[in-house]
Amino acid sequence: MAGQKFTQKQIAEKYKGNLDYFKKGHYLRNARAWAFLVVAVVSIVGVLSFRFWGKSDFLTTGPISENHSRIANDCRVCHIGADPDVLALLKSHKSGENAGGVEPVAFTPKSNDAGIVEKGLALTSLSLMDQACLKCHGAMGLHQPQSAGLALRTVRSELSVVHATNCALCHREHVGHERMALPSSQTCAACHNNAERLESTHQMLKLDNPPIAAVGESRDLGDGLLHYITPTTPALKPFASYVEGHPPFEYETPNLRDPGTLKFNHARHERGDLPKINGRKMTCTDCHKPGAGGTFYQRVTYEQSCQPCHTLQIQPSLPKVLIPHGDPQKVRYFLASLKLSFAEALRADGVSDPVDLDRQTTRELEKLQQRGLNTINDLEQRVFFTGDPSGDEGDLLTKRATRKFLTECAKCHTVGPGNANNAPSIAPVKVTDRWIQHGPFTHVPHQHMSCIDCHGAAQTSKLTSDILMPPQKICAECHRPREHEKVDATVDTLKLKAVLAPETHELAAAQRRTGGVKSDCQACHAFHAPAAATVLVETKK
């Protein structure tokens, strides 16, 4: 009966007297032996013949992307040391040699590159695969946090270094024929939201540079711009996304201050009692003007922004005679030659008769004496330190805002004492040009917003030392995933974008309410150093 089970006793009874049955031939056992032999021979022949007739793409784990299509049939371009010659592999394995003859190398900056090599900084010992990547992508040798650290290496007292594991961790191949996709925010979060990985890949290296002041400083990194540098890089904690736990910007660290020395009161300039500009109240853009391409703003200068209101006229009756700005020594020369300046101004106004010219020049000098300015020392004290005494309303020697005709340099600047040989000193104003060091920013896509949307603290700020940059949380109001349930159907955002213009508050309000503005890591962070910072050389271990 099919499926009938025999007992051990029945089986033993069956083979009783025939215990060497397995020595007798059987067609099934013979067939199995021959099949094994054939398969073994064919396998060996196939492996050995692959050396001469095989194609390397036979071993591929998936399709090659469009980026690498030109090397799709040559695995060894990326897989350094890979070799279909089994005999060579066996030989190298037996002798302990490195298959392919390629040894791992350590990539370090050029020697004497700001002392990095002397500090023992080995950026990473790259795998053979990573070495292959850098043969074509030489400018991609450093992960972005290292790039930012290198940019600040001449001013920071410590350097933050992050080992980014390997190229293939973020740049995945063999997943399709399309162009290789950029790493997603989820890829970044795999490390940046993992405390163990962050700790194991991060390192702080001490440098010989003098420490940054505890309140922060503005330093020139060699590009002619003043960058705001904090004393140290805050420890990076795990976070999931730009909205969920992203660290504050560095300038948000408590107790940091704006290092600028120009005494400026933003709140005072917001008041409506100041002189009108073209018939309207002063606005932020009267002083803060977009730079080339609108990416950054121009540095605020006296000539462009301050002079229209704060003229340096020394004599009410001679509006063209102005005190020089920017060089204290030139101011001293100017005050010592006021008679010549007055005469030139009168001559420019049409006074040509020598006698009349001398008489009017003398009259102007007498007006100075009537104001208590009898000597050069009196002039310097008034110009640099005290200004004119406050006058009464309607006085010819009174300006509307200060009730002085001549306002002292010390009103806006930090002025040091002078002596017989040197004019009083004026501290550099140190207006910071770049506040953000670890990611790019452009004002161009923000033109539909008003300045106070991000810099609202300026309306109440009375001190130059106040940092008026927006906190990260303000940026995250718009730069977050869209909340579709809050989308206002009456606001056509596409239409608003089509007529994008400054002060288009409807679009700005909609974005703050619903989000939806790009917030992935790639929007702000380029994860590789620029080519100038990554000139790498191969150094044998």
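This is a predicted model: local features need pLDDT of at least 70, side-chain atom pairs count only at pLDDT 80 or more; totals for chains, interfaces and linings use all residues.
## Getting started

Local features here need pLDDT of at least 70 and side-chain atom pairs count only at pLDDT 80 or more, while totals for chains, interfaces and linings use all residues. Residues are numbered from 1 along each chain as its sequence is written, and side-chain values use heavy atoms, with hydrogens and water left out.

## The chain as a whole

The protein chain holds 18 helices and seven strands (DSSP runs numbered from the N terminus: H or I of at least four residues for helices, E of at least two for strands). Of its 541 residues, 27% are buried; that word means under 20% relative accessible area, with exposed over 50% and partly exposed in between, using a 1.4 Å probe and protein chains only.

Contacts are heavy atoms within 4.5 Å. Among those between residues at least 6 apart in sequence, 64% join residues at least 24 apart. The accessible surface is about 34200 Å², and carbon and sulfur atoms account for 58% of that surface (Shrake-Rupley method, 1.4 Å probe; for residues, only the protein chains shown count as cover).

Leucine 37 sits in helix α2, residues 27-53, and is partly exposed at 44% relative accessible area. Together with Trp34, Val41 and Val45, Leu37 makes a nonpolar surface patch of about 420 Å².

## Cysteines without bonds

The whole structure has zero disulfides, a disulfide being a pair of cysteine sulfur atoms within 2.5 Å. For cysteine 478, the nearest cysteine sulfur belongs to cysteine 454, 7.6 Å away. Cysteine 478 is buried, at 8% relative accessible area.

Cysteine 521 has its closest cysteine sulfur in cysteine 188, at 3.8 Å, which is too far for a bond. Cysteine 521 is partly exposed, at 23% relative accessibility.

## Aromatic pairs

Four aromatic pairs turn up in the whole structure. Rings of Phe, Tyr and Trp (its six-membered ring) pair if their centres lie within 6.5 Å; planes under 30 degrees apart are stacked, over 60 edge-to-face, and the rest tilted. Tyrosine 251 and tryptophan 435 make an edge-to-face pair, 6.3 Å centre to centre with 85° between the planes. Tyrosine 251 lies in the loop between β6 and α9 and tryptophan 435 in the loop between α14 and α15, so the pair ties together parts that are 184 residues apart in sequence. Both residues are buried.

Phenylalanine 384 and phenylalanine 385 form a tilted pair, because their planes stand at 50° with the ring centres 6.3 Å apart. Phenylalanine 384 is buried at 0%, whereas phenylalanine 385 is partly exposed at 28%.

Conventions. Patches are made of residues with over 30% relative accessible area and no salt bridge: like charges are joined within 9 Å, nonpolar side chains (Val, Leu, Ile, Met, Phe, Trp, Tyr) within 5 Å. A salt bridge is a side-chain nitrogen of Lys or Arg within 4 Å of a carboxyl oxygen of Asp or Glu.
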